[in-house]
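Please read the following points with the model open beside them.

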Amino acid sequence: MSKFDSLYIAAKEKLLAAKNIAMVTHINPDGDCTGAALAVRKLLLALGKDADIYNEQGFPSFMEFLRGDAVFNRYTQEDGVEYDLTVFIDCGNIDRAGKVAWVCEKSDFIINIDHHSTNPMFGDINIVDSTASASGLLIYDFFKACGVEITLEVANFLYVAIMMDTGNFSYSNTDKRTHDVAGDLLELGVDPSVLTQKILRSTTYNKLKLTAMAIDTLHMYCDGKIAVIHASKAMYNATGTDSSDSEGFVGMIRDIKDVGFAVFLRDTTDGKLVKVSIRSNLDVDVSKIAAEYNGGGHYSAAGCSIEGKIPDVEEIIVKRLSEEL
Ligand SMILES: [Mn+2]
């Protein structure tokens, strides 16, 4: 039983009554939003429904082995497309959908399933639980509330969702509920060593080159309490990589001894817009700081985008974080 059971049932009724359903996941798709969306698609199929799934970047390559026949559309708006229901998954706000946020305007009803504390409850049904370590946990509850069997395939989707949002069960959001659900998924046949190997212990030569270049940009501020690295468009180009290859970079510098705040800056626009990822080892709610720049996230992990060039954005964010030390 989940405290959201009545909302899950209401969501299920709406889905059953809907003709055209869309599903949206966030920009720079991670394991959580993608695994959760793959699972919800299977839930819909079990209910005799289907959905058009949208993501600005399409399906993330690191999860290709789990994709099956799911299609993630990158389309910008098409004429005549209307949905009577859209399910937003793992999106702390509508803008997190990026270029596919238009789906929202073409939709009569929104179901918002998320676990970000800064979520403004933009849906008609809001299943937002900031105590959940991953959206994948909420989808697990969704299956249970609907009485739909969790197959091994779905269990793998949900395990990856949870594994990726908890840093392989190591971040401070990892709690009993996380392990309880993971335990159930193992009982269904999930093999953690295989999933860890395929997702976390796999890299490419190009990504390693990008990693080396990014580490080379490390700047330490405030007596080593703030660590910053970046990746520029030139660096992505030189190594034949894209921004998905720098997922998790901020974690490398978060692990430096005595670091309170770790910041990763990425610019794929050549000097127009910098995406800022912040991780905190301190008792400071960085989602609130990110929200000051129209971003959001979680207590210890948040992000935002700031217009400008990397050195300018670096100065802005370091100055702001230094006020919290
Ligand atoms: Mn998430």
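1. Burial terms come up throughout: buried means under 20% relative accessible area, exposed means over 50%, and partly exposed is in between (1.4 Å probe, protein chains only). Glutamate 247, at 30% relative accessibility, is thus partly exposed. This is a predicted model, in which local features need pLDDT of at least 70 and side-chain atom pairs count only at pLDDT 80 or more, while totals for chains, interfaces and linings use all residues. Residues are numbered from 1 along each chain as its sequence is written, and side-chain values use heavy atoms, with hydrogens and water left out.

2. Aspartate 32 lies in helix H2 and aspartate 90 in the loop between strand E4 (85-89) and helix H3 (102-105), so the two tie together parts 58 residues apart in sequence. Helices (H or I, at least four residues) and strands (E, at least two) are DSSP runs, numbered from the N terminus. Aspartate 32 is buried at 0% relative accessibility, and aspartate 90 is buried at 1%.

3. Salt bridges. The whole structure contains twelve of them, a salt bridge being a side-chain nitrogen of Lys or Arg within 4 Å of a carboxyl oxygen of Asp or Glu. Arginine 41 and aspartate 69 form one, at 3.1 Å from N to O. This pair links distant parts of the chain, 28 residues apart: arginine 41 is in helix H2 (residues 31-46), and aspartate 69 is in the loop between strand E2 (52-54) and strand E3 (72-73). Arginine 41 is buried, at 10%, whereas aspartate 69 is exposed, at 56%.

4. A pair within one helix. Which residue forms a salt bridge with aspartate 180? The partner is lysine 176, with the closest N and O atoms 2.7 Å apart. Both residues belong to helix H6 (residues 176-187), and because they are four residues apart, about one helical turn separates them. Aspartate 180 is partly exposed, at 38%, and lysine 176 is exposed, at 62%.

5. Arginine 266 meets glutamate 247 in a salt bridge of 3.3 Å, N to O. Arginine 266 is in strand E9 (residues 261-266) and glutamate 247 is in the loop between helix H9 (233-239) and helix H10 (249-254), 19 residues apart. Arginine 266 is buried, at 8%. Elsewhere, salt bridges with shared partners join Glu292, Arg320, Glu323 and Glu324 into one network.

6. Nonpolar cores. A nonpolar core is a set of buried Ala, Val, Leu, Ile, Met, Phe, Trp, Tyr and Cys residues joined through side-chain atoms within 4.5 Å. The largest has 57 residues, and Val87, Ile111 and Leu185 have the most contacts inside it. A second, separate core of 20 residues includes Val274, Ala290, Ala302 and Ile310.

7. Serine 107. This residue sits in the loop between H3 and strand E5 (110-114) and is buried, at 12%. The side chains of serine 107 and threonine 86 are joined by a polar contact of 2.9 Å. A polar contact is a pair of N or O atoms within 3.5 Å; within protein, one must be able to donate a hydrogen and the other to accept it, and residues adjacent in sequence count only if both atoms are side-chain atoms.
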